Structure formats: structure tokens, C-alpha cells
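Thanks for asking me to look this one over. Here are a few points to go through with the coordinates open beside you.

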Amino acid sequence: MRCGPPEVCDRDQLRAALAAAPAEQEWIRGVGYHESVAGELDRAALDGFVPERPVRIQHRSGKMWFLNGAALRRVGLDPGGDGRLFRQDEWLRKRLGDADLTAAALEVSEQLAAWGVTGFTDATPSNDAAAVRRIRELAPHQHVYAMGNETLATGHLKVMLDDAELPDIDELVGRIGEAHERGRPVAFHCVTKTELVFALGALMEAGTVAEDRIEHAAVSDEDGLQLLREAGVTVVTQPNFIAERGDRYVEDIEEREHRFLYRGSGFLDAGIPLAGGTDAPFGEPDPWALAKAAVLRETQSGVVVGEGEKLTPERALALFTTPHLDPGGAPRTIGPGAPADLCLLGLPWREARRRLDACDVVGTWLAGKRTFGTDAR
């Protein structure tokens, strides 16, 4: 159930959304919650909405789950506790048991193919070899590049940072160095200025490699740009959040900071390699919507956030057409010997560039095999 803006914006709407949850499922699982809806959730607040069915609601940041008393009882916790689980996804998943996600995941892979997507990066920090194998099984229409924990032999080491619980800097520098020694670059999740400075400080202390990257860099002032340039890392940005959450940003963040949010041309003008990621499932997964947001930078109410950060349609598309190990590098070209991973639009680019709409995709091929369109098998 969607439990946050724009679908759910106040306490009454949240109550109605939870009441409308399908009865055939025992659990109610909510996503996208923001405290502007009904304040800081906890077990008592959720019991006031739904006392009898187990409910778990995820904050839109992905950091926190809120459980009611029935849910706490089901996962073996004190039903009178506060119901807040911070960064406990793996623990919660184990307590809930393994659901069969095969059918749902295959539908997602088909939908991605319909949008022209031939590959994606899974950036889950806890990924191990077994998880990566399973993800690839569930995405037959895409190449999968996976980040994960120290047990992986390849792929980026993914490091999550939280302002309130930053790790010991020396230990972090050690983790980075060990990953580099094993031939693995590092990707940092940074959504605040503090996290960005901390991550870049650790990377520069350990020494960077070409593929090191910062995910989000959501708030990057001029000092942040300078540090990014000195570190020589790539930024993978999410301008779709301007379209999806921008009205909340405008209300919550000081106006002088607006131009630093999910920047576009500012990164490029500073010589920082730039790529894009939707941050699904926390952001909408349609890459065309992200490209359009990078061009318009409009909130749902029509407010432009960071006029000077707009990208051209060509540069917005290029956020998704560079190799996963060289994000922000030279976009792929089509020619003899190139991988036959491509999508076909049903109208010329001179028209499509004004729309940037997934509906214009009429065919998708992966390794030369059609995965979407009239001849897809």
C-alpha cells in the first residue's frame, strides 16, 4: 500500500488507505511513508489505525520500518515495544520467511523490457553470491550488475552511511583499501552534505580507483563539487526525486539550498562524470521519467527546482547509456561488433526528445534476442 505523498498526504488518508488493504492478505505492507502524513510513526500510532492485522510500514528513505503490536508479535518481538526497526531489513526478511517472488519479479523484468531497459544495477548492500544468482534468475530480460558486501568476488562494495551513526573512519578506510586490493571499487550512498564529505574524506585517505562512485550526492554545494572533482569519482544521481518529492523538498529545505539538490549540469560543468539511477523501489523505476525530470526539474505542483541544473534531452538520455563500469563515460554507440542490447523508438529522435516517454518504445533486444515487441518470445 502507498502510504506517503502524493497518494497519501494526511492522517485521515493514511487511515483510509490501511482500511482499504485487501482482506485476502494477512499482512498489510506500506511503503513511501513520510512524517508529513501523520508525524513520527510508532507501534502505538499504528495500533490506533489497525489493531488486529499485522502492519509494517517503510519510511520512504528505506532506513526504517514501523510495526504495530500484531506485527511485533508475529516476528517475535515485544508487542508493547516502540515498533521501530532501523536498518533491519535482513533481520526482518528472515523473520517473515521466504516469500515466492518469482512471478512478481518476472513481471518486473518484462515491464523493464517494455521501457527499453536491457540492464540494471542492483545496489543492495547485503548482496552475497547466492542473492546475486537469484536476482539474475529473476531478471531474464536484463543484464544484472550487482553490488554487495565483502563476500562478493566482483562488483562494487556498497557502503551505506547515516548521519546519526557514521562508522569509525579508520575502519572504513581499511574496508575501502581491502576492496581495492581485491579489484573491487566502492560505492557510497550519500544523501546529506555530512555523508558526502565523510565518504570523500575516507576515499581520498584510502586512495581512489577509477570506478569508485557516489550514489545520490543529493546535496552538493560548491565545496562538495570541489571535493568530488579532487577525489576523481563518479556521481550517480536521481533527479526523478525532484519530480516525485520536490514539493516536500521545497517546503522542508531552505530556499538557498534548492539549487544544490540532485544537480545535473553543475556536476558536468565541474568535470565530474555523471550517470543516473532511479533508486527503485524507493523511486519510480521508469528511466524515461527520470530523464524527463532531469530536463524539466519540475515538482508535481510545477515548481522548478534548480533552473541552472537542467540537462538537454540528449544528456539526460546519456545518464543511462554509458557502461555500468564507466558510468558517466562515453555513451554506447551502435555498430558492428557492439553488444546487440538496444531499444527501438516508434518515432524519430527529434520528436521523441520533446517527450521522453516510455510509451514510445516499440521494441527491445537483449544480446540480439527480442525481449519486447511483436516478435518477443
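**Notes on the sheet, a helix pair and some backbone details**

1. Let me start with a strand pair: E1 and strand E2 (residues 55–59) run in the parallel sense, joined over four bridges. To find one of the contacts on screen, pick Gly30, whose bridge partner in E2 is Ile57. Please keep in mind throughout that this is a predicted model.

2. The pair belongs to an open sheet of four strands, in the order E1-E2-E3-E4, with mixed pairing. Its edges are strand E1 (28–33) and strand E4 (84–86), each of which pairs on one side only. On average, neighbouring strands in this sheet are turned by 20° against each other, direction ignored. As background, strands of a sheet pair through backbone hydrogen bonds, either parallel or antiparallel.

3. Next, the helices. Two packed helices are described by the angle between their axes and the distance between the axes. For helix H9 (residues 193–206) and helix H10 (residues 222–231), the angle is about 25° and the axes are 10 Å apart. H9 is therefore roughly parallel to H10, since angles under 35 degrees count as such. The crossing of H9 past H10 is left-handed.

4. Which residues in H9 meet H10? They are Leu196, Val197, Leu200 and Met204, and on the H10 side the partners are Gly224, Leu227, Leu228, Glu230 and Ala231. By class, this contact of H9 with H10 has seven nonpolar residues, one polar and one charged.

5. Most residues other than glycine have a negative phi, and most peptide bonds are trans. The peptide bond from Pro5 to Pro6 is cis, with omega near 5°; Pro6 sits in the segment before helix H1 (11–19). The bond from Ala280 to Pro281 is also cis, with omega near 10°, and Pro281 lies in the loop between strand E11 (274–276) and helix H13 (287–296).

6. Two alanines have a positive phi. For Ala217, phi is near 45°, and the residue is in the loop between strand E9 (213–216) and H10. For Ala367, phi is near 55°, and this residue is in the loop between strand E13 (361–366) and strand E14 (369–372).

7. Are these alanines buried or exposed? Ala217 has 1% relative accessibility, so it counts as buried, the cut-off being under 20%. Ala367 is exposed, because its relative accessible area is 59% and the cut-off is over 50%.

Notes:
Residues are numbered from 1 along each chain as its sequence is written. This is a predicted model: local features need pLDDT of at least 70, side-chain atom pairs count only at pLDDT 80 or more; totals for chains, interfaces and linings use all residues. Side-chain values use heavy atoms; hydrogens and water are left out. Axes are lines fitted to C-alpha atoms, for helices over the stretch in contact, and angles run from 0 to 180 degrees between N-to-C directions. Angles under 35 degrees count as roughly parallel, over 145 as roughly antiparallel, 65 to 115 as roughly perpendicular and the rest as oblique. A crossing is left-handed if the near helix is turned anticlockwise from the far one by less than a right angle, and right-handed if clockwise. Contact means heavy atoms within 4.5 Å. Ala, Val, Leu, Ile, Met, Phe, Trp, Tyr, Cys and Pro count as nonpolar, Asp, Glu, Lys and Arg as charged, and the others, Gly among them, as polar. Buried means under 20% relative accessible area, exposed over 50%, partly exposed in between (1.4 Å probe, protein chains only). Two strands pair if DSSP finds at least two bridges between them.
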